[in-house]
Amino acid sequence: MKKRYLVLAMALSLSLVAGAALAAGKDAKSLYAAKCASCHGADGSKAAMSKPLKGMGADAFTKAMDGYKAKKYGGAKKAVMEGQAAKLSDGDIKALAGYVSKF
Ligand code: HEC
């Protein structure tokens, strides 16, 4: 029984460390590559799905992502992004904003 708690505690602290790394922006690149690039392109220039992310400033990006999360932003295909944004923490969005604004 004790062992089980230990494993649980370790898993929990590992995920906290991962969260902190994301908040610091360290992993925004891999987060973007894994979760966003397929639709928006590796450099945010793909326009098949939406307006390109390339050229979007950090503020506009954050506003859009917060808006999707709160279901208060978007166009005809916003449901796609509401699903994406729901899985991101504020730290993730902040880190991604820094990354995307440099495209
Ligand atoms: C399954 C495809 C798909 C994935 C994956 C995806 N997006 Fe999107 N994204 C879209 C679509 C479609 C829209 C347009 C939605 C609308 O009509 O509002 C969009 C719109 C956006 C916008 C708003 C652009 C603007 O100018 O208004 C941002 C910002 C954005 N996505 C960021 C992201 C980020 C960051 C990720 C990764 C966490 C991501 N997207 C993952 C399909 C996707």
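Reader: Which residues in H6 are buried?

Author: In H6, the buried ones are Asp92, Ile93, Lys94, Ala95, Leu96, Ala97, Tyr99 and Val100. Before we go on, this is a predicted model, where local features need pLDDT of at least 70 and side-chain atom pairs count only at pLDDT 80 or more, while totals for chains, interfaces and linings use all residues. Residues are numbered from 1 along each chain as its sequence is written.

Reader: What makes a residue "buried" or "exposed"?

Author: Neighbour counting: buried takes 20 or more other C-beta atoms within 10 Å of the residue's own, exposed takes 12 or fewer, and partly exposed is in between, with C-beta atoms placed from the backbone. Eight of the 11 residues of H6 pass the buried test, so H6 is largely enclosed by the rest of the structure. Across the chain, buried residues make up 20% of the 103 residues.

Reader: Why is Lys71 called exposed?

Author: Lys71 has 12 C-beta neighbours inside 10 Å, so it counts as exposed. It sits in the loop between helix H4 (58-69) and helix H5 (78-86).

Reader: How many helices and strands does the chain have?

Author: Six helices and zero strands. Both are DSSP runs numbered from the N terminus: helices are H or I with at least four residues, strands are E with at least two.

Reader: Why is H4 called roughly perpendicular to H5?

Author: H4 and H5 pack at an angle of about 95°, with their axes 8 Å apart. That makes H4 roughly perpendicular to H5, because the label covers 65 to 115 degrees, with under 35 roughly parallel, over 145 roughly antiparallel and the rest oblique. The axes are lines fitted to C-alpha atoms, for helices over the stretch in contact, and angles run from 0 to 180 degrees between N-to-C directions.

Reader: Which residues of H4 and H5 meet?

Author: Met65, Tyr68 and Lys69 in H4 meet Lys78, Met81, Glu82, Ala85 and Ala86 in H5. A contact here has C-beta atoms, placed from the backbone, within 7 Å.

Reader: And what makes H2 roughly perpendicular to H6?

Author: The axes of helix H2 (28-35) and helix H6 (90-100) come within 9 Å and cross at roughly 95°. That angle makes H2 roughly perpendicular to H6. The contact is made by Ala28, Lys29, Leu31 and Tyr32 of H2, and Asp92, Ala95, Leu96, Gly98 and Tyr99 of H6.

Reader: Which members of the largest nonpolar core touch the most other members?

Author: Met65, Leu96, Tyr99 and Val100, out of 16 residues. H6 gives the largest share of this core, six residues. To qualify as a nonpolar core, a set must be buried Ala, Val, Leu, Ile, Met, Phe, Trp, Tyr and Cys residues joined through C-beta atoms within 7 Å. Leu96 touches Ala28, Leu31 and Tyr32, not counting residues up to four places away in sequence.

Reader: Which residues are closest to the ligand?

Author: Cys36, Cys39, Ser50, Gly74 and Gly75 are the closest of the 23 residues that surround the ligand. To count as near, a residue needs its C-beta atom, placed from the backbone, within 6 Å of the molecule. H5 gives the most to this shell, with four residues.

Note on methods
Two residues are in contact if their C-beta atoms, placed from the backbone, lie within 7 Å.
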